Amino acid sequence: MADSMLLNVARSELILGGQKSGKSRRAEALAQRWLAQSGAHQAVLIATAQAWDDEMRARIARHQADRAERLPGLRTVEEPLQLARAIQTHSRPDTLIVVDCLTLWLTNQLMPIDAPQGDASVLPDEPDLINKMHVAKLLDAIGQACGPLVLVGNEIGLGVIPLGAQVRAFVDALGLLNQGVAQVCQRVTLMAAGLPLSLKDKS
């Protein structure tokens, strides 16, 4: 990842990977590279996480503190739901946007924090119909962004999928979301063990 050839900033890049694969670190490294290129450059992180419980609140606070120390020039905006609108609001030619992450955004859409626990009606049965309008708006915002855009998401479809219709529907929905975002992004990178693998690069 230290190789400068792997850290050139594209117009749009989707970074996929598993837990602790290095995907957020790559996104931050790209933001750092962008900020170093010019004193006029800015960088904004759109954070989609919501504090579901005490553990999540502590995790978010820890990530914020660590990120502020590593990359103080990266401004944070919290937006768990209206991601397309947030991208449109903050996208400028001199501003790189990092979205971290798409998976949590989809979770927020399909399983709202205030929904009754165990409510099977929260997640529809047909994954191809899930969140179609929100995903379409997001893809449109990515395509129209006037500044560089880095989107982080999880690849969770490679392992054993737990039993349960709701879980399988979510995994299907995330796979479809990743496919859609990959199609409209200039570059797609898969992270594994902290190492980037280029899946697509039209930069």
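Biologist: At what angle do helix α4 and α6 cross, and how far apart are their axes?

Modeller: Let's start with the general idea. An axis is a line fitted to C-alpha atoms, for helices over the stretch in contact, and angles run from 0 to 180 degrees between N-to-C directions. Here, the axes of α4 (residues 102–110) and α6 come within 11 Å and cross at roughly 130 degrees. That makes α4 oblique to α6, since angles under 35 degrees count as roughly parallel, over 145 as roughly antiparallel, 65 to 115 as roughly perpendicular and the rest as oblique. Please keep in mind that this is a predicted model: local features need pLDDT of at least 70, side-chain atom pairs count only at pLDDT 80 or more, and totals for chains, interfaces and linings use all residues. Residues are numbered from 1 along each chain as its sequence is written, and side-chain values use heavy atoms, leaving out hydrogens and water.

Biologist: Which residues of α4 and α6 meet?

Modeller: Contact means heavy atoms within 4.5 Å. On the α4 side you will find L102, T103, W105, L106, T107 and L110, and they meet F170, A173, L174, L177 and V181 in α6. The residues of this contact of α4 with α6 divide into nine nonpolar, two polar and no charged. For these classes, Ala, Val, Leu, Ile, Met, Phe, Trp, Tyr, Cys and Pro count as nonpolar, Asp, Glu, Lys and Arg as charged, and the others, Gly among them, as polar.

Biologist: How do α5 and α6 pack?

Modeller: Helix α5 (residues 132–144) and helix α6 (residues 165–184) pack at about 20 degrees, with their axes 9 Å apart. α5 and α6 are therefore roughly parallel to each other. In α5, V135, L138, L139 and I142 meet L177, G180, V181 and V184 of α6. The residues of the contact of α5 with α6 are seven nonpolar, one polar and no charged.

Biologist: Which helices and strands does the whole chain have?

Modeller: Helices (H or I, at least four residues) and strands (E, at least two) are DSSP runs, numbered from the N terminus. This chain has six helices and seven strands, in the order β-α-β-α-β-α-β-α-α-β-α-β-β from the N terminus on.

Biologist: Is S12 buried or exposed?

Modeller: Buried means under 20% relative accessible area, exposed over 50%, and partly exposed in between (1.4 Å probe, protein chains only). S12 lies in strand β1 (residues 12–17) and is buried, with a relative accessible area of 0%. Leaving aside neighbours within four places in sequence, S12 is in contact with L149, V184, C185, Q186 and R187. Of the chain's 203 residues, 43% count as buried.
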